[in-house]
Amino acid sequence: MALAIPFLCGLLFGLGLCVAGMIEPSRVLGFLDLAGAWNPSLALVMGGAVSVGLIAFRFAPAALRAGAASRRIDAPLVVGAMIFGIGWGIGGLCPGPALADVAFLEPRAMVFVVAMLVGAWACRYLKRTGAETLRP
Amino acid sequence: MQIDWIHFTPWSALVGGLMIGAAAGLLAIAQGRVLGASGILFGLLDGARGERAWRVAFLAGLLMAPPLARLALSIAPPRMDASWFTITLAGLLVGFGARLGSGCTSGHGVCGLSRLSLRSLVATLTFMLAGFATVFLARHVLGWS
């Protein structure tokens, strides 16, 4: 029964993505296209989610609450976010909506998710071998 | 700036956003976990064994949502027409970047900002700016559709 909560969270998250229209790459790209016909919808998705989150996280276990997070801004964080943003801008898909689109049986989403796993694996591989060569 | 009024859907965007925030809040309060789609997926492949069950349950719920949304809320499936090359390149970059930067739109963007994490704020601003720049370059400089 302990798994009912994460299951419901996944279900609610997925329904939220569907209702919000995040599952549609053209809407995401419409938000990212400031110089074209701009679609502000995604700002409301983020705003809505964070406004609930700001309240909810105050009741979360101490390890998740404000102030408990690491404050270290390092190169992997910034470079990783930059690469992520470039990929997001090319395809209009990020991991959550891509998984939802797989459940719509969309073949392109399936290819995207496989590529995503390969990318994540490549990053882990490089990190590991990089750490080995750097070791004194 | 010109607003795309035809495709701008403020109410459904806001309601969907509130649902996403509620899901993240519930997972944080009841389970003490951060709702990050990339972290949950990647953690399944190489995370601690004891951490697998809740991740599988979450992903099962996530994969149940689209058929339910289609039946109960008559939400249309996405229209995807990007080339296979574009999709593959985008997926590789998103996976690599989310892994290196320890998070994606849900983990850094929704949960990180909600818990006032400075790291997540920097990550979110960075991927937003990179996304804006990429679309600008692709559509308005290189002329891709």
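Is B:Arg139 buried, partly exposed or exposed, and what is its relative accessibility? B:Arg139 counts as partly exposed because its relative accessibility is 29%; buried means under 20% relative accessible area, exposed over 50%, and partly exposed in between (1.4 Å probe, protein chains only).

This is a predicted model, in which local features need pLDDT of at least 70, side-chain atom pairs count only at pLDDT 80 or more, and totals for chains, interfaces and linings use all residues. Residues are numbered from 1 along each chain as its sequence is written, chains are lettered from A and ligands numbered from 1 in the order in which they are written, and side-chain values use heavy atoms, with hydrogens and water left out.

## Salt bridges

A salt bridge is a side-chain nitrogen of Lys or Arg within 4 Å of a carboxyl oxygen of Asp or Glu. Over all chains, the structure holds four salt bridges, and two salt bridges are counted between chain B and chain A.

| Salt bridge | N to O distance |
|---|---|
| B:Arg139 and A:Asp33 | 2.9 Å |
| B:Glu51 and B:Arg33 | 3.1 Å |
| A:Asp74 and B:Arg119 | 3.5 Å |
| A:Asp74 and A:Arg72 | 3.6 Å |

B:Arg139 and A:Asp33 meet in a salt bridge. This pair crosses between chains, from helix 6 of chain B to the loop between helix 2 (25-32) and strand 1 of chain A. Helices (H or I, at least four residues) and strands (E, at least two) are DSSP runs, numbered from the N terminus. A:Asp33 counts as buried, at 5% relative accessibility.

B:Glu51 forms a salt bridge with B:Arg33. B:Glu51 lies in the loop between helix 2 and helix 3 of chain B and B:Arg33 in the loop between helix 1 and helix 2, so the pair ties together parts that are 18 residues apart in sequence. B:Glu51 is partly exposed at 22% relative accessible area, and B:Arg33 is partly exposed at 28%. Shared partners join the salt bridges of A:Arg72, A:Asp74 and B:Arg119 into one network.

## Where the chains meet

Contact means heavy atoms within 4.5 Å. By this rule, 108 residues of chain B are in contact with 103 residues of chain A. The area buried between the two chains is about 9,600 Å², and carbon and sulfur atoms give 79% of it. Buried area is the accessible area (1.4 Å probe) that two parts lose on being put together, summed over both. B:Met80, B:Arg115 and B:Arg119 supply 8% of the area that chain B buries against chain A, more than any other three residues.

Strand 1 (residues 37-38) of chain A pairs with strand 1 of chain B in the parallel sense over two bridges; two strands pair if DSSP finds at least two bridges between them. The bridge partner of A:Trp38 is B:Ile3.

## Helix 5 of chain B

Helix 5 of chain B is largely enclosed by the rest of the structure, because nine of its ten residues are buried. Among them are B:His108, B:Val110 and B:Cys111. The cover over the buried residues of helix 5 comes from both chains, including helix 1 (4-20), helix 3 (41-56) and helix 4 (75-91) of chain A, and helix 1, helix 2 and helix 6 of chain B. Just after helix 5, B:Leu116 takes a positive phi of about 55 degrees.
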